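Reader: I would like to learn how to read packing features from a model. Please take them one at a time, with the rule before the case.

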Amino acid sequence: AAQVAAPPVDGPRPLSPGQRRLWFLDQLTPGSAEYIVGTVWRVRGRLDEAALAAALTALVARHEPLRSRFVMAGGEPRQVADPAAPVDLSPCHAHTLESGLDMAADELSRPFDLRACAPFRVRLIRCGAAESLLVVAMHHVVSDARSMQIIADEIAIAYRAHRRGETP
């Protein structure tokens, strides 16, 4: 199968009506975590961190909104896609699954600054040698429940391919 190339970054783009509404709500309550769409996946057994990092990097390269910032340009909100870059998956460590879940909840309650950073982040929490939590957080300005399922499917497909040494 052919690999899908990331679209070129070509400057600020207008927001969709839904994005405009969510951007406006974010401006009314800066620092709010109300519009974070997130999930925590519990991974049991051996986790190939390099394959997971490669899968997440491919995901972000493929989906421009995951690496976009929202800025004012000409008096209007615009989205600006940053160039694709490797996803840093440096794990943090928890002593127990419960403390790992607390760390995951903290991550999902940490707001996004839509002007300064992409509305997507991941955090890997190691809860022992054979158990991890993968936290995926996105701002609703670029995600909803349906797109979260698509992203989960893409991560799984890319992870399996990278573990086999293939290009997804």
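Reader: Which residues does L52 touch, not counting residues up to four places away in sequence?

Author: Contact means heavy atoms within 4.5 Å. By that rule L52 touches L47, L89, L134, I155 and Y159, with residues up to four places away in sequence left out. This is a predicted model, where local features need pLDDT of at least 70 and side-chain atom pairs count only at pLDDT 80 or more, while totals for chains, interfaces and linings use all residues. Residues are numbered from 1 along each chain as its sequence is written, and side-chain values use heavy atoms, with hydrogens and water left out.

Reader: How is a nonpolar core defined, and which residues touch the most other members of the largest one?

Author: A nonpolar core is a set of buried Ala, Val, Leu, Ile, Met, Phe, Trp, Tyr and Cys residues joined through side-chain atoms within 4.5 Å. Buried means under 20% relative accessible area, exposed over 50%, and partly exposed in between (1.4 Å probe, protein chains only). The largest nonpolar core here has 33 residues, and L52, L56, L89, F120 and V122 touch the most other members. Helix α2 gives the most to this core, with seven residues. Helices (H or I, at least four residues) and strands (E, at least two) are DSSP runs, numbered from the N terminus. Apart from this core lies another, of nine residues, including M103, I125, L133 and V135.

Reader: Is L89 buried or exposed?

Author: L89 is buried, with a relative accessible area of 8%. L89 is placed in the loop between β4 (76-81) and β5. Among the residues L89 touches are E49, A53, L56 and L124, not counting residues up to four places away in sequence.

Reader: How does one check the span of helix α3?

Author: The expected span of a helix is 1.5 Å times one less than its number of residues. For the 12 residues of α3 (residues 97-108) that gives 16 Å, and the end C-alpha atoms are 16 Å apart, which agrees.

Reader: Which residues of α3 are buried, and which exposed residues does the opposite face carry?

Author: L97, G100, M103, A104 and E107 are buried. They lie on the same side of α3, because they cover an arc of only 115° around the axis; the arc is that of the directions from the helix axis to the C-beta atoms. The face turned away from the buried side carries the exposed residues E98, D102 and D106. Cover for the buried residues of α3 includes β2, β5 (92-93), β6 and β7.
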